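Subject: Structure handover

Hello,

Here is the structure I promised to pass on. My notes follow below it.

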Amino acid sequence: MQHFRKLHDLLVIWGESCYFSSALITTLQETIEDASTGNVTSTKDVRYSGELGGVRDFGGDTRRDAPYTMPASHGDTSIPFYDLPTGNLMPCIEPNLMTPINPRSVYPLQFRVGPAEERLVQAVKCLLQDADFIYSANRSVNATEKSYINDLGQLVIHEKHSGEPTANEG
């Protein structure tokens with residue numbers, strides 16, 4: 001619920017500063033209110049054209065239902081190395097290397113374009129499921145278990161009787 005309160009406070013600031021129209025602010029506040037109570041409908045047909053530019057379609061097919069495909073690269077070649085996604089540093093990291101990373105060796109990762117491997121798709125779906133659980137209003141695991149989200153955002157489940165963490169802990 002803390003996240004919804006932060007979003008509500010942000011929308012109040014946007015409304016006071018007139019960053020966006022009052023109609024858009026009202027629509028966003030209603031969306032946050034619906035999400036916090038669990039009344040989200042993913043098939044709702046919503047179209048918006050306004051301050052954000054262009055016409056955006058927010059209804060029908062959600063991004064999670066779309067097929068998972070790999071992009072050609074991860075990052076943009078026209079930006080400096082420090083603005084690239086952090087994952088682009090991975091090929092440059094060597095264990096126990098005492099010299100700094102050469103900035104010229106940091107470049108966007110190149111991928112084979114096409115459908116993603118099934119293992120990767122399952123990992124992404126698992127990540128999205130965990131995120132849904134963390135941010136859902138009604139978090140319930142099992143009545144016999146005590147659970148909480150730790151500082152790293154991982155689900156920690158303890159058995160009710162023994163208090164010991166279960167095998168599926170973070």
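Leaving aside its neighbours within four places in sequence, which residues is asparagine 88 in contact with? They are His74, Gly75, Val106, Tyr107, Pro108 and Leu109. Contact here means heavy atoms within 4.5 Å.

Before the rest, two notes on the source. This is a predicted model, where local features need pLDDT of at least 70 and side-chain atom pairs count only at pLDDT 80 or more, while totals for chains, interfaces and linings use all residues. Residues are numbered from 1 along each chain as its sequence is written, and side-chain values use heavy atoms, with hydrogens and water left out.

**Overall**

The chain has three helices and eight strands. These are DSSP runs numbered from the N terminus: helices are H or I with at least four residues, strands are E with at least two. From the N terminus, the order is α-α-β-β-β-β-β-β-α-β-β. Of the 170 residues in the chain, 12% are buried. Buried means under 20% relative accessible area, exposed means over 50%, and partly exposed lies in between (1.4 Å probe, protein chains only). Take the contacts between residues at least 6 apart in sequence: 36% of them join residues at least 24 apart.

H1 covers residues 2-17 and H2 covers residues 22-37. They pack at an angle of about 170°, with axes 10 Å apart. Axes are lines fitted to C-alpha atoms, for helices over the stretch in contact, and angles run from 0 to 180 degrees between N-to-C directions. H1 is therefore roughly antiparallel to H2; that label applies to angles over 145 degrees, with under 35 roughly parallel, 65 to 115 roughly perpendicular and the rest oblique.

H1 contributes Phe4, Leu7, His8, Leu11, Trp14 and Gly15 to the contact. H2 contributes Ile25, Leu28, Gln29, Ile32, Ala35 and Ser36. By class, that is eight nonpolar, four polar and no charged residues. Nonpolar covers Ala, Val, Leu, Ile, Met, Phe, Trp, Tyr, Cys and Pro; charged covers Asp, Glu, Lys and Arg; the others, Gly among them, are polar.

H1 has 16 residues and reaches 23 Å from its first C-alpha to its last. That is close to the 22 Å expected at 1.5 Å a residue, where the expected span is 1.5 Å times one less than the number of residues.

Most residues other than glycine have a negative phi. Cysteine 18 counts as exposed because its relative accessibility is 62%.

**The loop between E4 and E5**

Asparagine 88 sits in this loop, between strand E4 (73-74) and strand E5 (109-110). At 1% relative accessibility, asparagine 88 is buried. Its side chain reaches the backbone nitrogen of leucine 109 at 3.3 Å.

Asparagine 96 is in the loop between E4 and E5 too. Its phi is near 60°, a positive value in a residue other than glycine. At 77% relative accessibility, asparagine 96 is exposed.

Serine 105 also belongs to the loop between E4 and E5. It is partly exposed, at 29%. A polar atom of its side chain lies 2.6 Å from the backbone oxygen of asparagine 102.

**Strand E8**

Leucine 155 is in strand E8 (residues 155-159). At 27% relative accessibility, leucine 155 is partly exposed.

Best wishes

Note on methods. A polar contact is a pair of N or O atoms within 3.5 Å; within protein, one must be able to donate a hydrogen and the other to accept it, and residues adjacent in sequence count only if both atoms are side-chain atoms.
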